[in-house]
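This report goes through one structure part by part. Please look at the sequence and the model below before reading on.

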Amino acid sequence: MAPRKKAGADTAALDQNPAVAEEEALAAAASQEDVAEEDIAEDELLDDDLPEDDLPEDDEEVDFDDELDREERGPLAPLEGPTRCGFVALLGAPNAGKSTLTNALVGTKVSIVSHKVQTTRSIVRGIALDGAAQVVLVDTPGIFAPKRRLERAMVSSAWTHAADADVIALLVDANRGLDEDIEALLGQLKDIRKPRALILNKIDLIRRDSLLALAAAITERVPFDRVFMVSALTGDGVVDVRRWFAETVPPGPWLYPEDQVSDAPMRMLAAEITREKMFLRLHDELPYRSTVETESWKELRNGSVRIEQTIFVERESQRKIVLGKGGNTIKTISTESRKEISEIIEQPVHLFLFVKVRESWADDPERYREMGLEFPKGA
């Protein structure tokens, strides 16, 4: 599990440590053996303003202008009183910014971010603190009209966690507006009787009058307890969202230690980081159906960590894309991923990446279990 405190690791000092140099030399030798094996197996390679009749019952009128002018109020006072703890499900269409908002609410990275749609597959729980409250954020996969088995599993998982949560938050890309995906989401949200918040994201990309019109259009369809206008990327408005979550979750003891930021194992987070770097590097080239698994995690005597990960693709042509000419692409992915993992765990990292072809991996039940998804029946 990832610690709440995040600090950079001094990886430059590694090169001057003989013991580390020896470890790296041994690792390099082992990696060369892996490369040699490829000549035989040919399947792996080393590196990387609302009408009154629409107001929520027993709630105050939503003031959209107040949400836009929140910066004038100054910082919020600490939330005091008995401890509170609960789950908040973040719902939205793909690329609405759920992962970015989750990271901003927690204060560190717990969910990967990419311009590629449907990046979040598994359910990521980020743990945010606000005074005496602990808010467990469930970053769900983007909800859309699923076509493939993996997509059906992701959408089903998102709605299941929404039904189990204490609070529901619908995140809408304000720049994208009210489209078919949001209309479909609103249709199903009507049946969920829990505290609900509407969060309009990316407000820095849309005019004020258009923003207010969008908020009114959405709340005409479904009443929300609160409406927030934020920019998850810049952090604008995030504090207000976190405070409302903290005030809304039920009273109760905390479920996690104070310094824990996620319930996801570090092995899984490390694999997600590598997958993020791969998507960022190969956004237009690599198909969506690829995945990363952490095969080995070994703590070395010098305090560093040796990690082996495998990138699975479905065709040989995809494998060549990930590797790049002369292995340059996989090396860049490895370098960027190693640096971020090292910063998160506050330890030097030696990362070794392999690329393998696994045809129809998205039809393997074991892969779904590893992602925390239920394997859908049928084709």
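Which residue forms a salt bridge with Glu 276?

## Basis of the report

This is a predicted model, in which local features need pLDDT of at least 70 and side-chain atom pairs count only at pLDDT 80 or more, while totals for chains, interfaces and linings use all residues. Residues are numbered from 1 along each chain as its sequence is written, and side-chain values use heavy atoms, with hydrogens and water left out.

## Salt bridges

Glu 276 forms a salt bridge with Lys 109, and their closest N and O atoms are 2.3 Å apart. This pair links distant parts of the chain, 167 residues apart: Glu 276 is in helix α8, and Lys 109 is in the loop between α3 (98–106) and β2 (124–130). The structure holds 14 salt bridges (a side-chain nitrogen of Lys or Arg within 4 Å of a carboxyl oxygen of Asp or Glu).

## A three-stranded sheet

Helices (H or I, at least four residues) and strands (E, at least two) are DSSP runs, numbered from the N terminus. An open sheet of 3 strands with mixed pairing has the order β7-β8-β9; two strands pair if DSSP finds at least two bridges between them. Its edge strands, each pairing on one side only, are β7 (291–299) and β9 (349–357).

Strand β8 covers residues 305–313 and is joined to β7 by 8 bridges, the two running antiparallel. Thr 291 stands opposite Phe 312 in β8.

## Helices on the sheet

Helix α8 (residues 266–281) lies across β7, β8 and β9 and runs at about 130° to β7. Helix α10 (residues 328–345) packs on the sheet, touching β7, β8 and β9, and its direction makes about 135° with that of β9. Contact means heavy atoms within 4.5 Å; axes are lines fitted to C-alpha atoms, for helices over the stretch in contact, and angles run from 0 to 180 degrees between N-to-C directions.
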